[in-house]
Amino acid sequence: MKLPFTKVLVANRGEIAVRVIRACHEMGIPTVAVYSDADRRALHVRFAHEAVHIGPSESQHSYLDIERILDAAKHTGAQAIHPGYGFLSENPRFARACADAGIVFIGPPPAAMEALGDKVRARALMQKAGVPVVPGTGALPENDTDTAALALAIGYPVLIKAAAGGGGKGMRVVQRAEELPSLLAQARGEARSSFGDATVFLEKFVERPRHIEVQIIADTRGHTIQLGERECSIQRRHQKLIEESPSPIVDPTTRARIGALAVRAASAAGYVNAGTVEFLRGADGSFYFMEVNARLQVEHPVTEEVTGIDLVKEMIRVAAGESLSLPQDRLELRGHALECRIVAEDPRRNFMPSPGTIRGQRVPNGPGIRYDGGTYAGWTIPIHYDPMIAKVITHGRDRADAIARMARALDELRIDGIPTSVSFHRKVMRHPAFIAGDLHTGFLAEHPDLLKADDDPLLDEIAVTAAAIAHYRRLESTAPTPARDGRGVSSWRHAGRIGWRR
Amino acid sequence: MKFSARAGSAVHEVVVERDNGHYVVEIDGVRRVVDAQKLEADFYTILDLGDSRSYEVSVEPRGDGYIVRHGAAECEVVVSDPSRRAREAGPVGTGPLTVSASMPGKVVRVLVVAGGTVQAGQGLIVVEAMKMENEIAAPRAGRVKHVAVAAGQTVESGVALVEIE
């Protein structure tokens with residue numbers, strides 16, 4: 001069988017580099033890893049057939065250095081580069097530089113990335129293609145009376161947003177018409193001080209929105225298919241923490257409708273390869289286009305579990321010019337899949353980063369469990385990169401089954417040496433509102449108890465018992481005779497010595 | 001062997017002895033016989049021979065105590081013998097105080113200089129890790145005696161950053 005490529009370089013690190021390397025090896029494609037100073041001993045370096053050092057730990061001088069990565073590809077004779085997610089994955093300049101160097105970039109064409117990367121342009125493109133966007137205005141006039149008429153036309157509540165915006169700056173929710181003038185002034189002032197540009201516009205405020213996204217993949221021969229939706233409404237500070245497929249709220253009719261919208265959105269942008277079309281779903285059931293993520297997503301495994309399609313292999317084949325491995329009408333969704341992102345953050349200290357050395361690790365196993373990780377016992381998680389350690393993915397015959405499996409898998413998972421988000425995930429899996437599928441992006445704000453530390457009534461007793469034994473063993477190994485307790489020799493100490501292990 | 005163990009805010013009196021390969025652990029007068037086997041690094045399987053409970057824990061030494069993890073729950077247990085506890089029970093809130101890094105990372109900003117005065121809660125040092133900045137604040141008011149780090153420097157968790165007097 002002819003290989004799609006004779007060698008693939010993976011321009012990433014951590015769990016996603018391992019994930020891509022696994023797909024290549026299953027296809028019989030030799031792999032090249034790249035690594036920074038901090039990653040010499042990383043799992044992706046150990047897994048790949050070849051590995052090339054590309055610079056210091058700071059990612060701008062290594063994983064974001066286009067020249068160094070292309071040099072590594074040329075030096076090792078790699079035919080194609082898979083960028084993973086993050087780093088250079090959505091950088092059209094990198095995709096162009098690959099093409100100029102005669103290397104295939106496994107991802108969308110740079111022109112499509114550019115069209116979708118600019119939010120104002122993407123919004124206009126989608127409106128033209130007939131994909132619904134959140135109703136809104138262009139830049140607002142200076143005259144507040146005109147603005148009031150625009151707001152009324154959209155319908156309250158409305159959202160004031162800064163044109164140059166980001167990070168919630170210059171953003172205000174307006175519930176009633178009488179609040180509009182003062183909130184407009186506030187938003188303009190904040191936009192001016194934050195971005196040096198006071199331009200603001202209005203958008204309809206979507207209440208209790210759910211984040212629902214559709215996976216698409218297109219080949220170079222004009223075929224685009226959608227692989228169902230994922231719901232990613234459990235977020236903290238706009239970071240997804242838990243994802244699932246299918247969404248508990250999407251029925252087959254809706255799935256077909258938003259799937260068709262996603263295909264239309266991708267086609268409008270001239271999209272090729274794997275991508276994700278993100279929608280907001282309002283409490284009234286309407287869907288609005290948000291943006292396209294022009295890359296493989298962190299949460300792609302839940303789609304793989306329910307469709308049986310390996311998205312990374314499909315990306316590699318499509319990049320080599322092959323056709324999609326199946327037409328839309330042969331796609332079947334089976335069961336339900338969930339993913340929990342395990343991050344090196346401490347839920348007991350407001351999710352503060354907790355990089356450090358993993359002293360021991362046991363990954364969950366057994367029926368319906370998939371573990372995509374990038375760490376091992378003895379590995380030191382560097383301070384330079386994002387905190388993701390692994391993703392636990394479960395697949396069950398239905399949602400309840402997948403949740404029960406996840407709860408069980410999280411009980412088995414052990415990562416010693418650093419605090420992780422595991423305790424948070426365990427609580428979510430047992431939370432009635434999550435089990436009921438009553439999700440929206442404000443879920444964690446509505447249930448702040450989930451962000452608090454675990455309550456384990458037995459913990460104190462267990463912890464003191466275990467610490468006492470560990471302390472005893474430590475003193476025992478450093479002193480020939482255990483420290484006296486000041487009350488003389490107890491009746492069972494002598495008996496105890498008989499049992500000392502040698 | 002007798003010592004005290006602080007878990008959360010509670011201090012427990014603990015006596016541990018060996019007995020026939022098992023451990024006899026007495027916590028605040030309640031005696032348990034347990035079979036504790038160390039499996040790897042910091043990892044134990046523990047069987048309570050009284051009620052047959054089986055559980056796994058990791059016990060990681062840290063400072064004067066241990067971080068114990070059971071399932072996803074975590075508890076710090078600080079162990080001390082009675083004499084050390086007496087030494088440590090000095091007056092609180094006065095005297096020199098070392099502020100140390102609460103997470104490993106890179107120092108991105110130093111907000112104070114030696115000789116300056118600080119209020120309680122005032123930011124001292126900003127440490128960055130994993131694209132997140134964390135401002136370390138003064139636990140109480142005082143004069144900055146010494147700043148031990150500079151911007152750009154990488155620090156480990158627990159490393160002294162600033163000394164306040």
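# Notes on the model, chains A and B

1. Strands E5(B) and E6(B) form a hairpin with five residues between them, and in the turn Ser52(B) has a positive phi of about 65°. This is a predicted model in which local features need pLDDT of at least 70 and side-chain atom pairs count only at pLDDT 80 or more, while totals for chains, interfaces and linings use all residues. Residues are numbered from 1 along each chain as its sequence is written, and chains are lettered from A and ligands numbered from 1 in the order written.

2. Helices (H or I, at least four residues) and strands (E, at least two) are DSSP runs, numbered from the N terminus. E5(B) and E6(B), the latter covering residues 54-62 of chain B, run antiparallel and are joined by five bridges. One pair to look up is Phe43(B), whose bridge partner in E6(B) is Ser58(B). Two strands pair if DSSP finds at least two bridges between them.

3. Which strand pairs with E5(B) over six bridges? That is strand E4 (residues 30-40) of chain B, which meets E5 (residues 43-48) of chain B in the antiparallel sense. Here Gln37(B) has Thr45(B) of E5(B) as its bridge partner. E4(B) and E5(B) also form a hairpin, with two residues between them, and Ala41(B) in this turn has a positive phi of about 20°.

4. Further along chain B there is another hairpin to visit. Strands E12 (residues 123-129) and E13 (residues 132-137) of chain B pair in the antiparallel sense over six bridges. Two residues lie between E12(B) and E13(B) in their hairpin, and Met130(B) in the turn has a positive phi of about 50°.

5. Now turn to chain A, where three strands form an open, antiparallel sheet in the order E7-E6-E8. The edge strands of this sheet are E7 (172-174) and E8 (200-204) of chain A, each pairing on one side only. On average, neighbouring strands are turned by 30° against each other, direction ignored. E6 (residues 158-162) of chain A pairs with E7(A) in the antiparallel sense over three bridges; in E7(A), Arg172(A) is the bridge partner of Ile160(A).

6. Which helix packs on this sheet with its direction at about 20° to that of E8(A)? It is helix H7 (residues 144-154) of chain A, touching E6, E7 and E8 of chain A. Helix H8 (residues 180-195) of chain A also lies across E6, E7 and E8 of chain A, running at about 25° to E6(A). Axes are lines fitted to C-alpha atoms, for helices over the stretch in contact, and angles run from 0 to 180 degrees between N-to-C directions.

7. A helix pair in chain A is worth a look too. The axes of H1 (residues 14-27) and H11 (residues 311-319) of chain A come within 9 Å and cross at roughly 65°. From H1(A), the residues Arg19(A), Val20(A), Ala23(A) and Met27(A) meet Val312(A), Lys313(A) and Ile316(A) of H11(A).

8. Finally, see where the chains meet: 50 residues of chain A are in contact with 57 residues of chain B, contact being C-beta atoms, placed from the backbone, within 7 Å. Among the chain A elements giving two or more residues to this side are helix H12 (399-412), helix H13 (422-429) and helix H16 (459-478). H16(A) gives the most, with 15 residues.

Methods:
Two residues are in contact if their C-beta atoms, placed from the backbone, lie within 7 Å.
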